[in-house]
Amino acid sequence: MIEPIDKKTWDLRVSPAQHLHGDFLVAGVTGAFGVRVREEQFLTMVGLRVPVGSADRDRLAQILGAELPARCGEVATGHDVVVLWLSPDEYLVISQSVAGSTLVSYLRAGVSEGAAAVVDLSANRTTLRLEGPSAQAVLEKGCPLDLHPRTFATGTAVATNIGRVPVLLWKVGTDSYRILPRASFADYLGRWLIDAMAEFKLLGSG
C-alpha cells in the first residue's frame with residue numbers, strides 16, 4: 001500500500017488555472033446542453049520509462065498493483081494510482097492521494113539502476129475536467145480525434161491537440177474527460193474551453 005499524501009502540504013500552492021476558477025463557474029451550462037469545466041488541482045504525475053522486456057516491469061506491476069499498459073490509449077488502474085500509456089516504454093503514473101516524492105521513491109525501488117527513469121512531473125501539467133452532455137461537442141471544435149464513443153471509449157487516454165495545445169486527453173466517463181495540458185498552456189486552454197462552451201449557454205437559455 002502506497003502511503004497517502006499529507007494534504008497540509010497543499011495549503012500554500014497556487015495551481016496553473018486557479019485564476020480562472022470564477023470564470024469556469026460562470027461559463028458552466030446546465031440542462032440538456034449542459035457542460036462545465038473545472039481544474040483538478042495538484043494531481044501527482046510521475047513519468048516512468050522502462051524498457052520493453054525488462055524484468056523491472058514485473059516488479060513495478062507489484063508496486064503499482066497493475067500491469068503496465070500494453071498499447072496506445074490503454075489505462076491501467078492500481079493501488080491509488082492510474083497508469084497512462086505514452087509509448088511502448090513510457091508511461092505517466094497519476095495519483096490523487098500519493099505525494100510525488102513518495103511515489104517516486106516507491107517506483108525507484110522497483111527498477112534497476114540505469115535501466116529505467118522515474119521523474120516527478122507533477123508541476124509540469126495541470127488537469128482540466130470537462131463534463132456534461134455537450135462535452136464531446138466542445139472538444140470536437142478543436143480536437144482532431146474521432147471522439148465518437150465507438151472509437152474513443154471510456155477509459156481511453158491519448159496524446160492529441162485541443163485548440164492547437166498539446167494535451168493528454170483521457171475519457172473517464174460517458175460525458176466526462178480529463179484534459180492534461182502543460183502548466184504553461186493552462187490559461188490559454190482554459191479560456192479556449194470557456195469560449196467553446198459559450199454556444200451551449202445560448203442554446204440552454206433559448
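The largest nonpolar core here has 29 residues, and Leu130, Ile162, Leu169, Ile179 and Leu193 touch the most other members. A nonpolar core means a set of buried Ala, Val, Leu, Ile, Met, Phe, Trp, Tyr and Cys residues joined through side-chain atoms within 4.5 Å, with buried meaning under 20% relative accessible area, exposed over 50% and partly exposed in between (1.4 Å probe, protein chains only). Keep in mind that this is a predicted model, where local features need pLDDT of at least 70, side-chain atom pairs count only at pLDDT 80 or more, and totals for chains, interfaces and linings use all residues. Residues are numbered from 1 along each chain as its sequence is written, and side-chain values use heavy atoms, with hydrogens and water left out.

**Cores**

- Two or more residues of the 29-residue core come from each of helix H1 (21-27), strand S7 (127-131), H4, S8, S9, strand S10 (176-181) and H5; helices (H or I, at least four residues) and strands (E, at least two) are DSSP runs, numbered from the N terminus.
- H5 gives the largest share of this core, seven residues.
- Another core, of 19 residues, lies apart from it, and Leu48, Val50, Leu60 and Leu68 are among its members.
- As a general point, nonpolar side chains tend to be buried together in soluble globular proteins.

**Overall build**

- The protein chain has five helices and ten strands.
- Its radius of gyration is 18 Å, close to the 17 Å that the globule rule gives for 206 residues, so the chain is as compact as a globular protein of that length. That radius is taken over C-alpha atoms, and the rule is 2.2 Å times the number of residues to the power 0.38.
- Along the principal axes, the C-alpha trace spans about 60 × 40 × 25 Å.
- Of the 206 residues in the protein chain, 47% are buried.
- Take the contacts (heavy atoms within 4.5 Å) between residues at least 6 apart in sequence: 61% of them join residues at least 24 apart.

**Salt bridges**

- Side chains of opposite charge can pair when their charged atoms come close.
- The count comes to eleven salt bridges, where a salt bridge is a side-chain nitrogen of Lys or Arg within 4 Å of a carboxyl oxygen of Asp or Glu.
- Lys141 pairs with Glu199, and their closest N and O atoms are 2.7 Å apart. This pair links distant parts of the chain, 58 residues apart: Lys141 sits in the loop between helix H4 (135-140) and strand S8 (157-162), and Glu199 in helix H5 (residues 186-205). Both ends are partly exposed, Lys141 at 40% relative accessible area and Glu199 at 39%.
- Asp187 bridges to Arg191, with 3.0 Å between the closest N and O atoms. The two are four residues apart in helix H5, so about one helical turn separates them. Asp187 is partly exposed at 29%, and Arg191 is partly exposed at 43%.
- Arg38 and Glu40 also form a bridge, their closest N and O atoms being 3.6 Å apart. Arg38 is partly exposed at 39%, whereas Glu40 is buried at 8%.
- A network of salt bridges links Arg38, Glu40, Arg129, Glu131 and Arg178.

**Lys171, a buried charge without a partner**

- Lys171 lies in strand S9 (residues 165-173).
- Lys171 is buried yet has no salt bridge, and the nearest side chain of opposite charge, Asp175, is 6.5 Å away. For charge, Lys and Arg count as positive and Asp and Glu as negative, while His and the chain ends are not counted.
- Setting aside neighbours within four places in sequence, Lys171 is in contact with Pro149, Phe152, Ala153, Thr154, Gly155, Thr156, Ser176 and Tyr177.

**Leu86**

- Leu86 lies in strand S4 (residues 82-87) and is partly exposed at 30% relative accessibility.
- Not counting residues up to four places away in sequence, Leu86 touches Tyr91, Leu92 and Leu168.
- The C-alpha atoms of Leu86 and Val158 are separated by 7.4 Å, with the two residues 72 apart along the chain.

**Cysteines**

- Disulfides (pairs of cysteine sulfur atoms within 2.5 Å) come to a count of zero.
- Cys72 is exposed at 54% relative accessibility, whereas Cys143 is buried at 8%.
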